[in-house]
Amino acid sequence: MTTIKFTVNGKPQVLELDPETPLLWALRDHLNMTGTKFGCGAGLCGACTVHFNGAAVRSCQVPVQAVAGADITTIEGLSESGDHVLQKLWVELNVPQCGYCQSGMLMAVADLLKRIPNPSDEEIDTQLSNICRCGTYPRIRAAIHRAAQGDKA
Amino acid sequence: MNSTLTPPTLSRRKFLVSTSAVAGGLSLQILSPEVMAVMSKAASSNASNELSPWLTILPDDSVIVTVPTPEIGNGASTQQAMNIAEELECVWEKVKVEFASFSREYKSPGSYAVGLQPFFGGHSTDHDRMPYTLQLGASARERLKMAASQRWHVPVAEISARDSVLTHTPSGRRLRFGEVAEQAASVKLESEPALKPQSEWRLLGKTQPRKKQLPEVVKGSAVYGMDLTLPGMMYAAVLQCPVHGGVVKSYDPDAVLSMPGVKAVVLIDPTKTVGSPVQADPTFGFEGSELHSGVAVIAEHYWQAKKALDALPIEWDLGLGQFWDSEQKIHERQDRVLDRWAGAPLTKAGDVSAVKAAKTVEATYRTPFCEHAAMEPLNGTAIYTEDGLELWHPTQDMQQAFWVAVDECGLTPEKVTFHQTMVGGGFGRRVIGDDVRTVVAVARQYPGVPVKVIWSREETTRQGSYRTPIAARYKAGLDEQGKLISLQGESCFSGMELSLGFTDMAYAASGAIPNVNLATSKLPMHIATGAYRAPCYNAHAFTVETFIDECAIAAGADPFEYRVDLLKTWDPAWSNCLKLAAEKAGWGKPLPKGQGLGIAISNWPHSGSKQKGSTVCAVAHVEVTPQGELTIHRIDFTFDCGRIVNKDAVLAQLQGGIIFGLNMALNDGLTISNGAVTEGNFDSLPLLKMADIPEINIHFEALSGHDRFSIIGEAPVGPIGPAIGNAIYQAIGKRIRSTPFRKQDLSWS
């Protein structure tokens with residue numbers, strides 16, 4: 001057991017836990033923040049994507065000790081009240097089906113648009129590797145283009 | 001569309017509406033007279049006459065719709081709310097959706113159970129359920145109007161309802177729904193109102209509301225089974241025998257009990273299932289819901305449980321399933337069955353053996369075990385005490401899940417309380433309830449404490465209830481002109497068997513082929529199978545449509561025109577779908593070597609009937625490099641499901657279904673080695689990603705407007721694979737007879 005201090009969505013947190021615990025489970029089980037989803041536990045699907053000091057990471061692959069002193073943003077902190085431009089577009093374009101992968105998808109796309117404000121289709125293809133089993137990809141692509149064009153939904 | 005169509009109606013004799021004042025508002029429930037009679041009798045003795053509301057209108061005008069359908073992502077719950085809102089005339093934004101509990105249904109049978117599959121998520125527009133939800137809205141609206149007429153002392157005919165407001169037309173006086181909701185609960189109507197004619201619908205078919213749960217989904221606050229959190233909850237990680245049917249031989253709990261956070265190690269033992277103490281009524285029976293022998297580690301946190309499980313020494317008795325040592329063994333045994341041509345004949349016409357054909361076409365096709373791979377791994381949460389079992393589960397079928405839970409723990413059904421959560425993907429995996437049974441088996445051994453049981457992704461993959469593998473052999477006789485004069489076919493199933501789309505294939509049902517014999521046979525295996533988005537049809541569409549393509553080629557005909565000719569006496573929607581898809585895709589245009597167009601058509605779940613089910617057609621444009629690298633450039637898709645009530649919801653299901661079909665054709669296929677599924681995580685079980693999605697053009701112009709709202713989520717998975725396979729043939733001259741295509745050699749020179 002180790003004491004780990006870090007910030008989640010601007011709020012300081014102190015946890016006593018196995019330092020090898022993946023950040024995913026620290027968020028979900030220890031902080032009861034269940035917006036970040038468990039999909040594969042192997043960094044392959046992206047359902048657990050969060051921002052680590054502003055950059056997207058797959059939280060199932062980050063041991064909690066690695067985030068000591070860092071700022072973590074989760075889907076619960078992407079916006080104050082669910083009104084981030086991507087969240088609004090996701091609703092307007094009826095993007096989610098079952099919705100389970102969409103927390104991670106939103107966090108990955110928010111990061112993508114920070115790095116590449118107006119991505120081409122090819123850039124979206126190479127940069128976005130999250131998995132959605134329901135097949136919402138066409139709508140995700142449409143929403144990204146709308147957001148890139150400054151659409152506020 | 002026109003007003004001569006029959007609107008959904010409910011026979012006057014088939015229902016009763018009861019009302020109650022709840023929280024200062026109005027609650028309504030709709031029941032069959034039989035159920036009402038039973039409830040009245042029971043009223044004096046117990047609480048079973050408690051209202052089971054479908055619809056509640058609160059003083060602040062909010063409308064709560066209680067739905068018996070889980071939400072697996074197809075919008076079924078939103079659709080039911082839309083049906084109610086159409087007749088209620090309320091503001092759509094004021095409507096909230098809540099899930100009913102099957103526990104309530106058990107206490108008052110008939111409270112929510114309506115329709116063919118009362119607790120299955122896919123049937124929000126079916127002919128049984130839709131009229132009930134429309135009627136509820138109408139009955140509530142008329143009670144609100146009557147309450148306003150009493151308040152104002154004016155005739156009810158002078159009152160109109162619109163946008164959650166009641167208006168006295170002559171005077172312009174207005175009341176909000178919420179202001180008279182409580183009063184409306186005591187209104188007695190002389191008769192329940194008739195439903196609007198379809199020509200007056202303002203929401204259905206006219207608007208495209210988004211799914212009600214989306215604001216919570218995008219904030220991460222929607223509660224899936226995996227997200228359920230209870231005070232003092234423990235976590236369990238499970239491991240079951242990698243060969244289905246095998247058992248735990250030995251394990252050593254002491255090796256891990258001292259690890260941090262570990263509370264217990266328990267055996268998942270199929271012989272300890274208690275059995276239901278009363279006659280059970282699971283939707284699909286208990287077969288397939290049995291426990292898989294294994295172990296679970298219970299700890300304070302999931303990570304602790306998983307680490308301890310990984311460290312737990314365990315030995316298996318793998319059992320007889322090891323016989324199936326390779327794919328080759330499965331294929332050999334399938335061929336042995338098919339070589340006999342001794343299957344049970346289900347569709348017969350003429351005499352296939354008497355036909356003297358000018359040309360014979362014969363081929364065998366195979367589709368493998370496939371895993372649903374819903375993004376939410378299997379899980380569930382339960383707390384067990386001697387006095388009761390309470391569980392929270394992401395099930396696709398509450399009735400099934402409830403009875404499986406009763407059967408596993410042996411408590412009387414009154415003591416079992418079931419809560420539906422959001423469902424992170426279903427596709428059929430969360431129907432039969434083996435996952436529910438495992439959760440109960442684990443929680444029962446750690447009583448008094450809530451336990452959340454979580455399957456890892458690898459465990460979810462290996463303990464599946466997979467798509468049934470099917471091998472199909474066809475033999476066709478063609479006359480001098482290439483016309484099909486006989487068709488013999490046999491499908492051999494290794495698991496759950498459904499012949500829809502095979503024995504009722506339109507080419508046979510239409511009478512176009514004079515001599516037909518379509519049969520089924522079984523090759524039993526030990527691996528669990530179950531529903532998989534349009535069960536078995538998803539394979540039959542591949543085998544039938546690839547074979548018909550081969551017949552067209554053998555006849556020297558164009559595969560599109562060959563199909564149109566075969567179906568010329570059939571439901572014209574089929575030809576219309578074929579023609580529109582071909583036209584939109586530029587059928588017949590010259591393409592460079594290595595590129596091709598392929599076409600396929602199918603219907604779910606009524607291939608063999610005209611103007612029933614959803615007819616779906618796809619044209620695929622593909623390119624194959626000489627090295628065998630396959631690219632899908634474009635899919636053009638047409639369909640006829642009669643009518644539609646929410647265009648964007650239909651579009652979403654078609655997009656998702658097409659992509660699911662694409663994955664099934666290209667990627668989907670498990671490898672069986674020594675009886676076990678070798679794949680585990682998404683490195684070995686590839687799923688389509690953003691970069692793999694072709695241009696998808698969905699065309700609505702083949703919709704017939706026929707008087708039905710057929711289900712649309714399953715049909716589109718059918719024609720995608722055969723359209724691609726047929727396009728590959730056009731591109732490179734190789735006929736692909738097995739899926740997934742990623743495992744086939746597509747190189748050419």
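This is a predicted model: local features need pLDDT of at least 70, side-chain atom pairs count only at pLDDT 80 or more; totals for chains, interfaces and linings use all residues.
**Entry 1: the end of H13(B)**
I took helices (H or I, at least four residues) and strands (E, at least two) as DSSP runs, numbered from the N terminus. Residues are numbered from 1 along each chain as its sequence is written, while chains are lettered from A and ligands numbered from 1 in the order in which they are written.

Next I checked the length of helix H13 (residues 537–554) of chain B. Its 18 residues should span 26 Å at 1.5 Å a residue, and the end C-alpha atoms are 25 Å apart, which agrees. The expected span is 1.5 Å times one less than the number of residues.

Is H13(B) mostly covered or mostly open? I found it mostly covered, with 16 of its 18 residues buried. Buried means that 20 or more other C-beta atoms, placed from the backbone, lie within 10 Å of the residue's own.

**Entry 2: chain A overall**
I get five helices and five strands in chain A, in the pattern β-β-α-β-β-β-α-α-α-α along the sequence. The C-alpha atoms fill a box of roughly 45 × 25 × 25 Å along the principal axes. Of the 153 residues of chain A, 59% count as buried.

**Entry 3: the sheet in chain A**
I traced an open sheet of five strands with mixed pairing, in the order E2-E1-E5-E3-E4. Strands pair here if DSSP finds at least two bridges between them. Strand E2 (11–17) and strand E4 (55–58) of chain A are the edges, each pairing on one side only.

I then looked at strand E3 (residues 49–52) of chain A, which runs antiparallel to E4(A) and is joined to it by four bridges. A:His51 has A:Ala56 as its bridge partner in E4(A). H3(A) packs on the sheet, touching E3 and E4 of chain A, and its direction makes about 40° with that of E3(A). For that angle, axes are lines fitted to C-alpha atoms, for helices over the stretch in contact, and angles run from 0 to 180 degrees between N-to-C directions.

**Entry 4: where A meets B**
I counted 45 residues of chain A in contact with 47 residues of chain B. Contact means C-beta atoms, placed from the backbone, within 7 Å. Helix H3 (102–115) of chain A is one of the helices that supply at least two residues each to the side touching chain B.

Technical notes. Two residues are in contact if their C-beta atoms, placed from the backbone, lie within 7 Å. A residue is buried if 20 or more other C-beta atoms lie within 10 Å of its own, exposed if 12 or fewer, and partly exposed in between; C-beta atoms are placed from the backbone.
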